[in-house]
Amino acid sequence: MPSQLLIRDPTAYSTDQPRNTSTEAGLLGGDDTASVSTVFVQPEGSSRKDVRSATAAALLLHDITASPRLYGYCVCSISAIVSMISSSIFYTNGAVQLPTMDTINTTATDYGITLDTEQQELTSIWVGALSEQRMKYFYGMQGNVVQYWKARGAIAISGLMALITLLVVIAHFDSYFFPKKFRTFFADGSMKERNLLLVLICIAICALQINTSRYSVGEAQANVFFSTWTSFLACVFNYELWRTNAGRHLTFQNVLFDSNFPTKRFWMLLAIFSTITLLAFFEHTIHNNFMGLTGDDQKLMNCTVISAGNRWMWMNVTACLLTWGFLFYRNRRSSDACNPKLTWALETAFAGAVVASKGVAISRFTGGVYDKVPCPSNLYFGLWGTFVVAVWILSSLLQNHHIYWNAKEEVESAPDRVRRTEE
């Protein structure tokens, strides 16, 4: 015989059941968390075992070791440690004596080279210029010139990034010292973690300037260059994850992907690479002026210094400004408000011009006639990144030209294509 089912009227009870506020406060550690998702109530007659089970469930829900941002912190920490160790090794093993004219003449004779009077004078001027800057520059074992403050700053900035991110990783696994505070600090939507990520991004930007700029350790040590960029990207992606998990609307995904502007993400990449190329070019030429380059080749001088006759400077400035201008213009206007044929023609012409100009620059400055762009460097990868993305955009435009030139027919035939696909 089945047992009787007893139904009670809830309105017969005038006293509300009290919440187990101690459990809630103990788990969340205060009001710093953006949202509280679970409130535990201890009903009458419940055993301590049930309460412990509920507490364990709450700990699982607020377990920050399962946070997707933890992977970003781990990547950033490992990259910063690699950069710090590589910078330390370079600084320790890289100090050598500046060669003298006697050493140069002896080495040239050993290789069967005889320097004439003019070559010896030019070499003497070069050695003298470097001797005057001995307190400002650090000379590596492979002949790489690195500024002293950048060689020391690379160790300091990488060590700072490694220390902070390593402490953050340890805090995610802490269950003994301050677990409640850390759960609150690294909870989804926590403003404290947002501020920490912004600080890490600022440190990563400073690291990019110190470790990957002209005459930096990154130009002489590839591990430092790539690990510094990896740390920066890890911080940026972690900030994107924080905004996504916090339910923020304006995220990178919403910005990059637009149904009215299908190639928007590629144009955004082109604008970013063009900006990196422009800034790296200015930084490269400014340092060349500081080094006091001399020579009879006026064409080479016009390519490596900031001057009105430097056509490469004007090409970089024009490409950067036009890319950002087109991106903002296209983003503010809907696809219906733009003339499809005119849009396709302008995009194709501009992408083709970027491909041609960057292709010539790559062929001349990265192993060609001038070969003045070191690898790895921001200018080197900025040129290649701009070229590759521009080729991608140009190929997409040529492949999908019928969408722009027959926009009306494409819209009218879209329902028929969908119907045939469903059938």
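Is Tyr 215 buried or exposed? Tyr 215 is buried, because its relative accessible area is 9%, where buried means under 20%, exposed over 50% and partly exposed in between, with a 1.4 Å probe and protein chains only.

Before I continue, a word on the basis of these values. This is a predicted model, in which local features need pLDDT of at least 70 and side-chain atom pairs count only at pLDDT 80 or more, while totals for chains, interfaces and linings use all residues. Residues are numbered from 1 along each chain as its sequence is written, and side-chain values use heavy atoms, with hydrogens and water left out.

Let me stay with Tyr 215. This residue lies in the loop between helix H8 (191-212) and helix H9 (217-220); helices here are DSSP runs of H or I with at least four residues, strands are runs of E with at least two, and both are numbered from the N terminus. Phi of Tyr 215 is near 55°, a positive value in a residue that is not glycine. Over its ring sits the charged end of Arg 214, 4.3 Å from the ring centre; the criterion is NZ of Lys or CZ of Arg within 6 Å of the centre and within 35 degrees of the ring normal.

I turn to aromatic pairs. The whole structure holds 16 of them, counted when ring centres of Phe, Tyr or Trp (its six-membered ring) lie within 6.5 Å, with planes under 30 degrees apart called stacked, over 60 edge-to-face and the rest tilted. The rings of Phe 281 and Phe 282 have centres 6.2 Å apart and planes at 65°, so this pair is edge-to-face. Phe 281 is buried at 7% relative accessible area, whereas Phe 282 is partly exposed at 25%. Elsewhere, ring pairs join Phe 225, Phe 226, Tyr 380 and Phe 381 into a cluster.

Next, helix packing. The axes of H3 (residues 69-93) and H6 (residues 148-172) come within 8 Å and cross at roughly 150°; axes are lines fitted to C-alpha atoms over the stretch in contact, and angles run from 0 to 180 degrees between N-to-C directions. H3 is therefore roughly antiparallel to H6, a term for angles over 145 degrees. The residues of this contact comprise 16 nonpolar, 8 polar and 1 charged. Here Ala, Val, Leu, Ile, Met, Phe, Trp, Tyr, Cys and Pro count as nonpolar, Asp, Glu, Lys and Arg as charged, and the others, Gly among them, as polar.

Finally, Ser 67 is placed in the loop between helix H2 (48-61) and H3. Ser 67 is buried at 6% relative accessibility. From Asp 188 it is 121 residues away in sequence and 8.5 Å away in space, C-alpha to C-alpha.

Methods
Parallel < 35°, antiparallel > 145°, perpendicular 65-115°, else oblique.
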